[in-house]
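This note is for a colleague who has not looked at the structure before. The points below can be read with the model open alongside.

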Amino acid sequence: MTDVTSSKSTRRPHHWRHDLIELAALFTAVVVADTIAKTIAKGPDGPSLLVFSAIALAATAAFHTWWARRRSHASPAPPAGDTGGHPTAAGPAGTGEQHEAGGETGPVVPVETTLWRMRTTVADTPGSLAALCTVLARLGVDILTLQTHPLADGTVDEFLLRAPADLSAHALTRETAAAGGRDTWTERADAHDLVDTPTRVLGLATRTALDAAELPLALRQLLGRCTLHSVPAVSLTGRPTGEHAPVEGVLEETVMRLRDPNGGTLVVERAYLPFTPTEFARARALVELDARLGPRVPRSRDVLTLPEGNEITVRRADQRDLSAARAMHDRCSARTLGLRYHGPVGDADRYLDHLLSPRFGRTLAVQTASGRLVALGHLLWDGDETEVALMVEDDWQRRGIGSELLGRLVAMAEEAGCASVYAVTQSSNTGMVAAMRALNLPLDYQIEEGTLVITARLASAPRPADRPRETASEQPREGARRAER
């Protein structure tokens, strides 16, 4: 229907007056031609002149027909001020060409560009955003995405920009301030930021729904560079910590407090940039989703066969495996517990509830064909760093179980975007040292007072926004802290 209407709108209007005038002119021309022909025919050169006149008349008629057809196919002129959707001087859309009076220029030479994320606060008045966009256009900056965060005294505008490579962050901030922007923050972006915000949030929600351990990482990727503290309601010694966030949470500029579905409080801090109410609402929605879904881990299980023929199953573990983990600890020798915890062996079971919590990292469990738990491997978020820890029951040591767990934990760390992993052990723990060497990664050794810290640098460097940064004031210490370097 649209095509038919469009073709009718571009047809030349039909006027019966023009047809009547042309018919009268044709009749007059025939009468005149007949008179002239009779006059010429009586002369000596009459036939020759008559043939010449017929040729001239035919040529004139052919020219008239060509001219009429050309005008009928020409597009009607658009109304004044209306371009009719045709390309202007900027060139046809997507061609990268420019047209000028008197000729056409060649294709525009591509300009090297850089992606930037920029956040600035503007006055909540008509025209404030338009003034900022005008300045960006003058600088040759292309706005790829724009989000607005309303505030009580203004609006925070968050941009993803494609700017000329020679435009520095300082110049971008200076010009933004001249256009009325304040508290401007800029950061280099990459291709991952080209995903629009609704799609990114839905992806984070999906990851959180499938795995409870993804919530800290999802919050980190949602809010950018920030630090997460998971503060339990009860300490390791059983004393209340006094941390109880309200159901609706608390927002205090650069700090937000959310109620942890597992009990206690999730404290999120971002010192370099205040949180907006929109970001607070998004973070709270992710936490509420985690609370509604309850405890959950991926159901995948891998069945492996050891060299002597025994089958073992490697799977994810959480706090629902607490009783089985305690039973494994009771079967372990004092030496095995001492190599694992570097402290009072009698306190080892206190740590298990925290170590199995998805707030502090991810745990892998190894169980036999009968269902008995014989090994645990932990990947623990420790600020900007990530710790790995292993414990294998005495009767199942020296069978390759520790190396299998360590390889899987390192793969999880790479997937989470960690730059390195470290293990705290004793120099006499030859099994852990051999397992770290078997990773075939660059290793760094630090020894202090008999404690050995082995750091493995992972193959690929992560994006800063993807690194887990979760700490907890009540998180159990995994041995001696790393020495200053």
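**Notes on the model**

1. Arg119 has Trp185 in strand 6 as its bridge partner. The two strands concerned, strand 3 (residues 113–122) and strand 6, pair in the antiparallel sense over five bridges. Pairing of two strands requires that DSSP finds at least two bridges between them. Helices (H or I, at least four residues) and strands (E, at least two) are DSSP runs, numbered from the N terminus.

2. The model is a predicted one, in which local features need pLDDT of at least 70 and side-chain atom pairs count only at pLDDT 80 or more, while totals for chains, interfaces and linings use all residues. Residues are numbered from 1 along each chain as its sequence is written, and side-chain values use heavy atoms, with hydrogens and water left out.

3. Overall, the protein has 13 helices and 19 strands. Of its 485 residues, 38% are buried; buried means under 20% relative accessible area, exposed over 50%, and partly exposed in between, with a 1.4 Å probe and protein chains only. Among contacts with a separation of 6 or more, 64% are between residues 24 or more positions apart. A contact means heavy atoms within 4.5 Å.

4. Axes are lines fitted to C-alpha atoms, for helices over the stretch in contact, and angles run from 0 to 180 degrees between N-to-C directions.

5. Helix 6 (residues 197–210) and helix 7 (residues 215–223) pack with their axes 9 Å apart, at an angle of about 170°. That angle makes helix 6 roughly antiparallel to helix 7; angles under 35 degrees count as roughly parallel, over 145 as roughly antiparallel, 65 to 115 as roughly perpendicular and the rest as oblique. On the helix 6 side, Arg200, Val201, Leu204, Arg207 and Thr208 meet Leu215, Leu217, Ala218, Gln221 and Leu222 of helix 7. The residues of this contact divide into six nonpolar, two polar and two charged. Here Ala, Val, Leu, Ile, Met, Phe, Trp, Tyr, Cys and Pro count as nonpolar, Asp, Glu, Lys and Arg as charged, and the others, Gly among them, as polar.

6. Helix 7 also packs with helix 8 (residues 277–293), at an angle of about 165° and with the axes 11 Å apart. That makes helix 7 roughly antiparallel to helix 8. From helix 7, the contact takes in Leu215, Ala218, Leu219, Leu222 and Leu223, and from helix 8, Glu279, Arg282, Ala283, Leu286, Val287 and Asp290. By class, this contact has eight nonpolar, no polar and three charged residues.

7. Strand 14 (residues 373–382) is mostly covered, with 10 of its 10 residues buried. Strand 13 (residues 361–368) pairs with strand 14 in the antiparallel sense over seven bridges, and Gln367 has Leu373 in strand 14 as its bridge partner. Their hairpin has four residues between the strands, and Gly371 takes a positive phi near 95° there. Strand 14 is also joined to strand 15 by eight bridges, and these two strands run antiparallel. Leu380 has Glu387 in strand 15 as its bridge partner.

8. Is Glu393 buried or exposed? Glu393 lies in the loop between strand 15 (385–392) and helix 12 (401–415), and is buried, with a relative accessible area of 2%. Not counting residues up to four places away in sequence, Glu393 touches Met328, Arg331, Cys332, Arg372, Leu373 and Val374.

9. Strand 16 (residues 420–426) has six of its seven residues buried. Strand 16 pairs with strand 18 (residues 451–457) in the antiparallel sense over seven bridges, and Ser420 stands opposite Arg457 in strand 18.

10. Leu355 is in helix 11 (residues 348–355) and counts as buried at 2% relative accessibility. Leu355 and Leu322 are 33 residues apart in sequence and 9.7 Å apart in space, C-alpha to C-alpha.
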